[in-house]
Amino acid sequence: METFLSLNMAKKKTSAPPKDIDILIGKNLKRLRKKLDISQKQVGEAMGIERQRVSGIENGHIPMGKELMERFCKAFNVEPYEFYINEKTPIITDKREHFHLQKYRRVEELGMVEELDDMTDFLINRALEKKPSKKK
């Protein structure tokens, strides 16, 4: 025989745990928000959404969705990839670094990575040899 409590518990929906991608996007939203030194409330007001929704997205419990991501990108003046960065993703902020990454990818396409590595090692060793040693 079912009790009132068991019937009530069956009706109650349990939310699924957040997906890894939603957690990652949420962490990056929080990182970008804190970088701008603004509150969840300020973000919500600027985006026309509730502060609780901002919190839910940041915690990974509410998926951001494509349309909202586009709005966040415009509001924060960032590209969508900024929401997919994790601790293993190198963040390239310098234009010169980006330029060299493009060159590296071209070298990779040509199948000459080992040659580039050898040349880089040679240049680093040469620079170290020319560097004056510290005297005590």
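Me: Is Phe72 buried or exposed?
Reply: We're looking at a predicted model, where local features need pLDDT of at least 70, side-chain atom pairs count only at pLDDT 80 or more, and totals for chains, interfaces and linings use all residues. Residues are numbered from 1 along each chain as its sequence is written, and side-chain values use heavy atoms, leaving out hydrogens and water. For accessibility, buried means under 20% relative accessible area, exposed over 50%, and partly exposed in between (1.4 Å probe, protein chains only). Phe72 comes in at 0% relative accessibility, so this residue counts as buried.

Me: What angle do the ring planes of Phe72 and Phe76 make?
Reply: Rings of Phe, Tyr and Trp (its six-membered ring) pair if their centres lie within 6.5 Å, with planes under 30 degrees apart called stacked, over 60 edge-to-face and the rest tilted. The structure holds two aromatic pairs. Phe72 with Phe76 is a tilted one, 5.7 Å centre to centre, and the angle between the planes is 50 degrees.

Me: About how many helical turns separate Phe72 from Phe76?
Reply: An α-helix has 3.6 residues a turn, so residues three or four places apart point the same way. Helices here are DSSP runs (H or I, at least four residues; strands are E, at least two), numbered from the N terminus. Phe72 and Phe76 are four residues apart in helix α5, so the separation is about one turn.

Me: How many residues apart in sequence are the parts that the Phe72 and Phe83 pair ties together?
Reply: Both Phe72 and Phe76 are buried. The ring centres of Phe72 and Phe83 are 6.5 Å apart with planes at 55 degrees, so that pair is tilted too. Phe72 sits in helix α5 and Phe83 in the loop between α5 and α6 (95–109), so the parts tied together are apart in sequence by 11 residues.

Me: Which residues do ring pairs link into a cluster?
Reply: Phe83 is buried, at a relative accessible area of 0%. Ring pairs make a cluster out of Phe72, Phe76 and Phe83.

Me: How are α2 and α5 oriented relative to each other?
Reply: Axes are lines fitted to C-alpha atoms, for helices over the stretch in contact, and angles run from 0 to 180 degrees between N-to-C directions. Under 35 degrees counts as roughly parallel, over 145 as roughly antiparallel, 65 to 115 as roughly perpendicular and the rest as oblique. The axes of α2 (residues 20–35) and α5 (residues 66–76) come within 12 Å and cross at roughly 20 degrees. That makes α2 and α5 roughly parallel.

Me: How many charged residues are in the contact of α2 with α5?
Reply: Contact means heavy atoms within 4.5 Å, and here Ile25, Leu29, Leu32 and Arg33 of α2 meet Met69, Phe72 and Phe76 of α5. For classes, Ala, Val, Leu, Ile, Met, Phe, Trp, Tyr, Cys and Pro count as nonpolar, Asp, Glu, Lys and Arg as charged, and the others, Gly among them, as polar. The contact has six nonpolar residues and no polar ones, and the charged count is one.

Me: Which residues does Glu82 contact beyond its neighbours within four places in sequence?
Reply: Glu82 is in the loop between α5 and α6. Glu82 is buried, with a relative accessible area of 13%. Past those neighbours, the contacts of Glu82 are Asn28, Arg31 and Leu32.

Me: How do α3 and α4 sit relative to each other?
Reply: Helix α3 (residues 40–47) packs on α4 with axes 8 Å apart, at an angle of about 110 degrees. The two helices, α3 and α4, are therefore roughly perpendicular.

Me: Which helices do the buried residues of α4 pack against?
Reply: In α4, the buried residues include Val54, Ser55 and Ile57. The buried residues of α4 pack against α2, α3 and α5.

Me: What relative accessible area does Asp37 have?
Reply: Asp37 is in the loop between α2 and α3. Asp37 isn't a glycine, yet has a positive phi of about 55 degrees. Asp37 is exposed, and its relative accessible area is 68%.

Me: And what is the relative accessible area of Asn77?
Reply: Asn77 lies in the loop between α5 and α6. Asn77 isn't a glycine but has a positive phi of about 55 degrees. Asn77 is exposed, with a relative accessible area of 69%.
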